[in-house]
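Good morning, and thank you for the time on today's agenda. I would like to walk through one structure, chain by chain, and then turn to the place where the chains meet.

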Amino acid sequence: MTPIFALENASYRYPDGRLGLAETTLEVRERESLVVLGANASGKSTLLGLLGGLIFPSGGRVIAYGTALTEAALQDGEFARSFRQRVGVLLQDTDAMLFNSTVYDEIAFGPLQLDLPEDQVRRRVEDTLDLLGLRSVADQPPHRLSGGEQRKVALGAILAVSPEVLLFDEPTSGLDPRFQRWFVELVIELRQAGKTLVTATHDLHIADVIADRVVVLDEDHKIAAEGRPRDILTDLDLLLSVNLVHEHAHVHDGELHIHPHTHLHEHEHAE
Amino acid sequence: MLPEWISEQTAARAAPRRRHTGYLSRSLRDMARVVEDAIFCEQSARRAGFLQRLDARVKLFSVLALAVGATFLHHLPSLLALGVFALAMLLVSRVGLGTVFSRSWWVMPAVFALVAVPSVLSVFVPGDPLVALPWGLSITRQGVASAAVLVTRIAAGMMLALMLALTTRWQELLRAAYTGVTAPFVLVATMMYRYVFVLLRVAENMHLARRARTIVPLDAAQERRWVGGRVGALFLRSRRLSEQVYSAMLARGYRGEPKVLVRHAVGARELAWVLGCAVFLAGILVFDRAVLGEMAW
């Protein structure tokens, strides 16, 4: 598969000097579903920000579609327009994502910025509302909706642009199992539609189901491992060292046992 | 291993007497009221009434036209007719009398004190005395008539404003103001309205979190320090949020010039409403000039 993104020793420091991401080299290939696993503050959001052209590396380079992502490159009208059309970013904070006064306007915002004709914008909004089951709340202010509905609106706002690449930052964080299942089903459909997906999460269940490839960031903000989901998710020592599983203490047969603990497990499908 | 003191019962110290520092609670209560008020307005604007169904742009235009028309009315009955018309429209639109008066009564004492009371006196409006007062003053017939016109004009204007405010959601009202030129300002106003509530919610949560952990009341200096600290924290939060919002806008193709979808639906109902308003306005203007203009009020 052709790489769409390439991080070449890319690093990022916040303006106050804190390290967001240590020197990282990574490729994102066309049509793959890459999951970036890491504990809180390991640099997942920073990595997504770099890929999405929202922040720029302090060192190294980020290449997207053969062009280095720099502030200057994204000032260039043609490249910026094509990049924003091709790459959609779902931020973790829905308060930041949802800045319009109604769900309808929220979904229409992206297509409108791309100068699509008005009838096409309307059609995309209508289709997105139907796809996500948001038709009944189309005229409501997004901040009045439940957490799951708000996340759906934020997703709809991205999907309406129809990007080739979707960058999801903690898409299921703090949401109930029904939303998590819905999200997994959506990702499966998006993969079938040929989209490239990069999902930053610390939810191992999601990684297990949606990933083609997994990258693990450690608490020093660098890549600790990269590989197939099964190899990564069964390496309990690795997961313990990067704070993705915890040691579970319990009393068994009168003795205290302490061992790495994950909720991942095999299950049988009913015939 | 938990420390030993965690399983011990800690006796609370008797609270020392403090000077009352209720300004913080009052401010936060006021903030909560702002939120409730907006929600309350939204509720009446969401009812399936006549005015609520009208396109916001048409409603804004017609209310402005009626307000401009009101400035040409000079007689009590015509102004009264305008006020009654607006009130009737509110009632037809399922906005109760209680709601209308709860949102307008507080203006009336100020109107009476500042406008009505001085203007009935002979010193401001000389004329035929109705009631004699000390120091050679009197309440004049012309003064009472002019005060009645002033008060009725204000009340009618208020009814027109409520006709718009209680039946139109804020975002629809803002959207009604969207044109090519105003789009950036309206977008900023929309976002400001939205994020004021986000930050009010954060401020309220900060206060609740502190109250949940306050055993002994703080003195005024400590209160001030806490408020100062929280104002700073809120400022930082709002700055971070603004950066994230900007990122979210950039990620969705924003390039410095917002483009918005103007969704106005002008149908037969709107045309009938505009026509009705025009006929009514023309009617009371003629009534005011041709009929009442000849009469002494």
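Let me begin with a term: a residue is called buried when its relative accessible area is under 20%, exposed when it is over 50%, and partly exposed in between, using a 1.4 Å probe and protein chains only. The model is predicted, so local features are reported only where pLDDT is at least 70 and side-chain atom pairs only at pLDDT 80 or more, while totals for chains, interfaces and linings use all residues. Residues are numbered from 1 along each chain as its sequence is written, chains are lettered from A and ligands numbered from 1 in the order in which they are written, and side-chain values use heavy atoms, with hydrogens and water left out.

With that term in hand, consider a histidine of chain A. Is A:His221 buried or exposed? Its relative accessibility is 15%, so A:His221 counts as buried. A:His221 sits in the loop between β9 (213–217) and β10 (223–227) of chain A; helices (H or I, at least four residues) and strands (E, at least two) are DSSP runs, numbered from the N terminus. Contact means heavy atoms within 4.5 Å. Leaving aside residues up to four places away in sequence, the residues that A:His221 touches include A:Leu19, A:Leu21, A:Thr24 and A:Ser42.

Two loop residues of chain A deserve a remark on backbone geometry. Most residues other than glycine have a negative phi, and most peptide bonds are trans. A:Ser162, which is not a glycine, has a positive phi of about 55°. A:Ser162 is placed in the loop between α6 (147–159) and β7 (165–169), and at 34% relative accessibility it is partly exposed. A:Asn243, also not a glycine, has a positive phi of about 70°. The loop that holds A:Asn243 runs between α10 (236–241) and β11 (246–252), and A:Asn243 is partly exposed at 42%.

As a whole, chain A contains ten helices and twelve strands, and 52% of its 271 residues count as buried.

We now move to chain B. How many helices and strands does chain B have? There are eleven helices and two strands, arranged along the sequence as α-α-α-α-α-α-β-β-α-α-α-α-α. Of its 297 residues, 38% count as buried.

Helix α3 of chain B covers residues 56–70, and its 15 residues reach 21 Å from first C-alpha to last, close to the expected 21 Å. The expected span is 1.5 Å times one less than the number of residues. Among the buried residues of α3(B) are B:Val58, B:Ser62, B:Val63 and B:Leu66. Seen down the axis, the buried residues of α3(B) fall within an arc of 155°, so they line one face of the helix; the arc is that of the directions from the helix axis to the C-beta atoms. B:Phe61 and B:Leu64, on the other side, are exposed. At the N-terminal end, α3(B) is capped by B:Asp55, with a side-chain oxygen 3.0 Å from the backbone nitrogen of B:Arg57.

Helix α11 of chain B (residues 268–291) has 24 residues and should span 34 Å; its end C-alpha atoms are 33 Å apart, which agrees. Its buried residues include B:Trp273, B:Phe280 and B:Ile284. The cover over the buried residues of α11(B) includes α3, together with α2 (50–53), α4 (76–92) and α7 (141–165) of chain B.

Finally, the interface. The contact takes 32 residues from chain B and 35 residues from chain A. The buried area between the chains is about 3100 Å², with 54% from carbon and sulfur atoms; buried area is the accessible area (1.4 Å probe) that two parts lose on being put together, summed over both. Which three residues supply more than any other three of the area that chain B buries against chain A? They are B:Arg194, B:Arg252 and B:Leu261, with 28% of that area.

How values were computed: A polar contact is a pair of N or O atoms within 3.5 Å; within protein, one must be able to donate a hydrogen and the other to accept it, and residues adjacent in sequence count only if both atoms are side-chain atoms.
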